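Please keep the model in view while reading.

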Amino acid sequence: MFTKIDHFKLHHKDEHHDSALDVAQGVEDAPTVSPYFRKVRKKELSVDDFVTGITGRDITILSQAITLIESQNPVHYGKAQEIIERCLPYAGKSVRIGITGVPGAGKSTFIEAVGGRVENMGHRLAVLAIDPSSQRSGGSILGDKTRMESISANPNIFIRPSPSAGSLGGVARKTRETIVLCEAAGFDVIFIETVGVGQSETAVHSMVDMFMMLQISGAGDELQGIKRGIMEMADLVVITKADGANKHKADLAKAQIRNALMLFPLPESGRRPNVVTCSSVEGTGLDEIWSDIEDYVAFTRSNGYFDRNRRRQNKYWMYETIDQALRENFFRNPAVESSLGIYEKEVDENKTSPFTAARELLENYFKGK
């Protein structure tokens, strides 16, 4: 016998589809990506492609090659070295100029003003601007292209801001190789802008034909800016922002620095550095600066110093590359990697001296070779 409840279930078991909680079947969504779309994988350029593109003055390929140079990937590094080797016969035909100065000296504004004049004379200019990397995050602003707005779109001017990555006090470790590629791409004038702090000046001096130092006046005792180690490297001193009320102070600073430079020994180039004033905003003094650059290059070519300095720099960078390769190989060594943290802790807790720890780590390295 059925109860009333069973009778209810029997007659209503199929009526649940009328519930307000039921969801309608709906219409299937259209695909967000066209079914006819085929993802085209970007072709990886060969070494031949890179060399052909660079010597053919393809700026996009030049930029990609520089990215390979800056990469930490060993595969990229090997490919970049092969590209550089192939580009060497096309390199070496530029004038390399290092530009340094304290922050606020107006380096980017100066390069923008001079760069426009250099291009108008028929030259092709490459600006390698070293951007300081954060020691904490490793990041950098890379803002030089923004600051040099008036020349950044010029096809005859190539601006490449590179993060310093904390190496050599602010100089990008791969700048030397980048110079070779830029020269192979037909750039006959190369500016290398340093961050103006630390040891970057020394490193840039070892890769340029002429070293230019920018100074500012009116910021206190101008002679305080004359640090013998840096001033002895300068082949030209430029007092910037010599306009308006600051022009008299710039002329005074020019006289003071010129007198101070007379006390220094004659540089190896055989030419005593000149001191000039300029205003990047008003455009005054810029023609005199470029004329001084041309005079310096002509003078050093005639007495043999230009080529002699290039050969010495090549040997210097050979040894620098060896030092860097040995350092990287040391820290990648399994015996060193496994014990480095232990030695760091012992040095931190004063259980071992830094010198003993270094010696034992080196012994472990050589045993593992």
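Thr67 is partly exposed, with a relative accessible area of 43%, where buried means under 20% relative accessible area, exposed over 50%, and partly exposed in between (1.4 Å probe, protein chains only). The model is a predicted one, in which local features need pLDDT of at least 70 and side-chain atom pairs count only at pLDDT 80 or more, while totals for chains, interfaces and linings use all residues. Residues are numbered from 1 along each chain as its sequence is written, and side-chain values use heavy atoms, with hydrogens and water left out.

Thr67 belongs to helix H3 (residues 59-70); helices (H or I, at least four residues) and strands (E, at least two) are DSSP runs numbered from the N terminus. From C-alpha to C-alpha, Thr67 lies 9.5 Å from Ser162, although 95 residues separate the two in sequence.

Ser94 counts as buried because its relative accessibility is 1%. Leaving aside residues up to four places away in sequence, Ser94 touches Glu183, Phe187, Asp188, Val189, Ile190, Asp209, Phe306 and Arg310, a contact being heavy atoms within 4.5 Å. The side chains of Ser94 and Glu183 are also joined by a polar contact of 2.5 Å, that is, a pair of N or O atoms within 3.5 Å; within protein, one must be able to donate a hydrogen and the other to accept it, and residues adjacent in sequence count only if both atoms are side-chain atoms.

Glu183 is one of the buried residues of H8. Ten of the ten residues of this helix are buried, so H8 is largely enclosed by the rest of the structure. Just after H8, Gly186 adopts a positive phi of about 95 degrees.

On a 1 Å grid over the protein atoms alone, a pocket is an open set of points where a 1.4 Å probe fits, with protein on both sides within 12 Å along at least five of seven lines; lining residues have an atom within 4 Å of a point. Of the 31 lining residues, Tyr77, Gln81, Glu177, Trp317 and Thr321 are the closest to the centre of the pocket. Helices H4 (74-87), H8 (175-184) and H13 (305-332) each give two or more residues to the lining, and H13 supplies the largest share, twelve residues.
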